[in-house]
Amino acid sequence: MKVLLIGATGNLGLRLVAALLTHNHSITAFVRSSAKLSSLLPASIYSHLEVIQGVATDSASIKKAILDSNCDAVVNTAGLAALPPWGRSDLPAIFRAVVEAVREAGVERERPLRAWFLAGLGVLYFPGSEKMLSDYVPIYLEHRQNLQLLKSLPQDSVDWSMLCPSTMTPESSDVTVPTKTSQGKLVANAATPPAWQDSWIKHIPLIGKTILCAMNAGRYETTLEQNAEFIASDLESLESRWSGTTVGVIDGSK
Ligand SMILES: NC(=O)c1ccc[n+]([C@@H]2O[C@H](COP(=O)([O-])OP(=O)(O)OC[C@H]3O[C@@H](n4cnc5c(N)ncnc54)[C@H](OP(=O)(O)O)[C@@H]3O)[C@@H](O)[C@H]2O)c1
Ligand SMILES: *[C@@H]1O[C@H](CO)[C@@H](O)[C@H](O)[C@H]1NC(C)=O
């Protein structure tokens, strides 16, 4: 598939370059600085990319990149959510611009695009409740407004999925194609975290669910390479079981 990768210079973006190429996708990388991207990748990998310079808050140039490169899918890893509840980052503005570009490009080519977005564990639902984990642990709240935006889109205008990992750590700083990962595939679940460990503790008034979230949180640590592999592998087909949903992931071997 032809994929527009926005934010290729980031932690996850670089691993996505490797994973997408390993899965035989062609990549158009949309980055602020092509010089930075070329400094972060081996020349043999960089030479396989089409690179477009632009700012991720500029919806018109993202749309142009999608249409000019004839992309079927977009992966956005640009922008990093602020941690504290009062924190502000560029992410919501980037997110709005990308969503708008993907939607408009879909209208123009008369076929919605497939798109993967990133959020965090906090936008998944607390299993068995109508509340999100971030109602109990209020961090990285910007992801919530981003999800709201996706859910408010007209039906069939963007074929989106939102990956919601907890902390992602690097396995290696080397970018190689094909990728060499020592970790297994992720186990995924729509809307709630997979393999959640329940406990009576959640019934403690006021703080029980927060304590249970904290007890579970560490179990959802995954690697950047595993998440990149997950997205690259999903994009092998235009039909995805993760269409229109948030996706929680866990390392199956944990
Ligand atoms: N890392 C984690 O553990 C973790 C866990 C859960 C969720 N997430 C989410 O996953 C996503 C990717 O995380 P990451 O660790 O890969 O982030 P990162 O390393 O900070 O990468 C962020 C990327 O965004 C780009 N960017 C920032 N502002 C931009 C702008 N105005 N225009 C164009 N590009 C811009 C950066 O480009 P430059 O190189 O040009 O600065 C960089 O490529 C984020 O949304 C994050 O919130 C991360
Ligand atoms: C990618 O293409 C190569 C060469 O055609 C093939 O050997 C390999 O199995 C393909 N990889 C995937 C993940 O489809």
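Trp 242 is buried, with a relative accessible area of 7%, where buried means under 20%, exposed over 50% and partly exposed in between, using a 1.4 Å probe and the protein chains only. The structure described here is a predicted model, in which local features need pLDDT of at least 70 and side-chain atom pairs count only at pLDDT 80 or more, while totals for chains, interfaces and linings use all residues. Residues are numbered from 1 along each chain as its sequence is written, chains are lettered from A and ligands numbered from 1 in the order in which they are written, and side-chain values use heavy atoms, leaving out hydrogens and water.

Six aromatic pairs are found in the structure; rings of Phe, Tyr and Trp (its six-membered ring) pair if their centres lie within 6.5 Å, with planes under 30 degrees apart counted as stacked, over 60 as edge-to-face and the rest as tilted. The pair of Phe 230 and Trp 242 is tilted because the ring centres are 6.2 Å apart and the planes stand at 45°. Phe 230 belongs to helix H9 (residues 224-234) and Trp 242 to the loop between H9 and strand E10 (245-251), so the pair ties together parts twelve residues apart in sequence. Here helices (H or I, at least four residues) and strands (E, at least two) are DSSP runs, numbered from the N terminus.

Ring pairs also join Phe 126, Tyr 136, Trp 196 and Tyr 220 into a cluster. Over the ring of Phe 126 sits the charged end of Lys 209, 5.7 Å from the ring centre; this description requires NZ of Lys or CZ of Arg within 6 Å of the centre and within 35 degrees of the ring normal.

Around ligand 2 are Thr 22, His 23, Asn 24 and Glu 236. A polar side-chain atom of Asn 24 lies 2.4 Å from an oxygen atom of ligand 2. Of the 370 Å² of accessible area that ligand 2 has on its own, the protein covers 29%.

Key: A residue is near a molecule or strand if one of its heavy atoms lies within 4 Å of it. A polar contact is a pair of N or O atoms within 3.5 Å; within protein, one must be able to donate a hydrogen and the other to accept it, and residues adjacent in sequence count only if both atoms are side-chain atoms. Accessible areas come from the Shrake-Rupley method with a 1.4 Å probe; for residues, only the protein chains shown count as cover.
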